[in-house]
Amino acid sequence: MSVGMAAPRSAYACDPDRSRGRLFVEPPSKTRSPFRRDCDRVIHSTAFRRLMHKTQVFVSHEGDHYRTRLTHTLEVAQIARALARQLGLDEDLTETLALAHDLGHPPFGHAGERALDACLQAHGGFDHNAQTLRVVTSLEHRYPDFNGLNLTWESLEGIVKHNGPLIDKSGRPTGRYRERGVPIGISTYNQKYDLELWSFASLEAQVAAISDDIAYDAHDIDDGLRAGLFTVDDLKVMPLTAAMIAEIDRSYPGLDESRRGAELVRELISYLIEAATSEAHRRLDAARPVSANDVRRQGQLLIAFPPDAAEAEAGIKGFLKLRMYRHERVMRVMDEAEQILFDLFARYQRVPGDLPAEWLPAHGADNETETARRIGNFIAGMTDRFAINEHQRLFDSTPELR
């Protein structure tokens with residue numbers, strides 16, 4: 001099969017006609033599959049629109065051309081669709097999961113997540129996957145018969161489990177949740193609607209997860225170059241990018257720095273997509289799953305990078321961590337951004353009346369944990385701009401984040 005052609009639907013793809021359905025039963029759409037309907041609901045959600053004004057790495061007023069959560073999400077969806085097409089997976093479900101994966105992120109990127117996690121430490125902490133689940137199951141208020149978006153079971157499990165199982169068969173937390181346990185937002189919802197937290201997610205969810213890695217590796221390099229945090233030649237410290245840069249310089253001698261960087265980003269995305277596709281075929285050929293449920297019961301991810309690409313990709317993450325995420329300029333802005341959220345959280349705890357009326361408890365007072373979680377949900381939904389404006393409204397001095 002030539003590159004770019006869609007593979008026929010695979011036996012191990014999620015079949016919309018065999019979806020496990022929705023928590024609240026609805027009549028089927030006459031024109032859309034259940035997974036296409038999920039995707040459209042995500043696109044039309046308030047939380048999706050807010051991603052336009054949420055930080056990826058650089059806050060919005062640092063420049064118009066840096067990635068936001070929204071542009072990052074669209075790039076993830078483009079890569080995920082390309083992978084799903086090559087593997088014969090359901091593109092609508094894959095796109096749903098790619099578009100939904102960051103809905104729970106607070107303002108100011110990972111700095112905002114750290115701040116909210118600290119503020120909520122005594123009340124279960126903050127986890128962006130759990131927050132995404134809250135958004136799509138309760139915090140969106142768009143439909144007359146239910147809160148949330150009432151997505152299919154397959155979309156919900158993909159949101160929660162795209163990086164792998166959260167617990168083992170005995171119920172003990174695994175992976176990133178081993179030390180702190182499964183976030184309360186996930187564990188509580190799972191009691192109502194069992195997402196089989198012990199199993200792997202569908203291939204569509206696994207594709208969305210690896211597409212996130214590909215997108216932010218490549219595009220954070222692009223943003224770092226644009227910001228002047230490092231140069232194209234600085235990326236020669238890694239064998240993979242060094243070889244790509246050498247080939248670009250041979251093919252296009254004298255190319256200006258901007259186009260040189262853009263060509264490197266394109267080459268990197270193509271390499272990682274091809275590597276993930278070939279490794280997926282190898283693992284699928286070895287495992288021979290015969291259905292989506294068979295995929296869930298495998299003892300490993302079936303969508304992954306081969307060892308050489310995984311090593312190169314880890315090297316890129318290490319480079320970006322050192323030269324970009326921990327750069328003095330980025331760290332200074334993020335420290336100030338964290339303080340904005342610390343200030344807001346403390347203020348709302350001290351003066352609940354500063355919250356909008358719709359965020360106040362409907363009947364009497366919440367207990368301490370309910371109040372803290374309510375404030376956390378409100379702040380997590382803020383855009384960068386709204387958080388800054390709220391801080392300016394409530395405090396005499398607000399950092400400029402520059």
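User: Why does Asp-102 count as buried?

Analyst: Asp-102 counts as buried because its relative accessibility is 3%, where buried means under 20% relative accessible area, exposed over 50% and partly exposed in between, with a 1.4 Å probe and protein chains only. This is a predicted model, in which local features need pLDDT of at least 70 and side-chain atom pairs count only at pLDDT 80 or more, while totals for chains, interfaces and linings use all residues. Residues are numbered from 1 along each chain as its sequence is written, and side-chain values use heavy atoms, with hydrogens and water left out.

User: Where is the place of Asp-102, and with which residues is Asp-102 in contact, leaving aside its neighbours within four places in sequence?

Analyst: Helices (H or I, at least four residues) and strands (E, at least two) are DSSP runs, numbered from the N terminus, and Asp-102 sits in the loop between α4 (91-100) and α5 (109-119). Contact means heavy atoms within 4.5 Å; once neighbours within four places in sequence are set aside, Asp-102 is in contact with Leu-51, Arg-69, His-72, Thr-73 and Thr-132.

User: Which residues have a positive phi although they are not glycine?

Analyst: Phe-108, which is not a glycine, has a positive phi of about 65 degrees, and it lies in the loop between α4 and α5. Arg-288, also a residue other than glycine, has a positive phi near 50 degrees, and its place is the loop between α11 (257-287) and α12 (292-296). Phe-108 counts as buried at 0% relative accessibility, whereas Arg-288, at 64%, counts as exposed.

User: How many of the residues of α5 are buried, and against which helices do they pack?

Analyst: The helix α5 is mostly covered, with 8 of its 11 residues buried, and among them are Gly-109, Glu-113, Leu-116, Asp-117 and Cys-119. The buried residues of α5 pack against α3 (69-87), α6, α14 (328-350) and α15.

User: How is a pocket read, and how much space lies in the second largest pocket?

Analyst: Rolling a probe the size of a water molecule over the atoms shows where empty space is left. On a 1 Å grid over the protein atoms alone, a pocket is an open set of points where a 1.4 Å probe fits, with protein on both sides within 12 Å along at least five of seven lines, and lining residues have an atom within 4 Å of a point. Grid points are joined across faces, edges and corners, and a volume is the space filled by probe spheres set on the points. Here, the second largest pocket holds about 1200 Å³ of space. It is lined by 36 residues, of which Arg-134, Ser-138, Leu-139, Trp-359 and Asn-377 are the closest to its centre. Two or more lining residues come from each of α2 (46-50), α6 (128-139), α8 (184-192) and α15 (368-380).

User: How many helices and strands are in the chain, and why is it as compact as a globular protein of that length?

Analyst: The chain has 16 helices and 0 strands. Its radius of gyration is 22 Å, close to the 21 Å that the globule rule gives for 402 residues, so the chain is as compact as a globular protein of that length; the radius is taken over C-alpha atoms, and the rule is 2.2 Å times the number of residues to the power 0.38. Along its principal axes the C-alpha trace spans about 65 × 50 × 40 Å, and buried residues make up 53% of the 402 residues.
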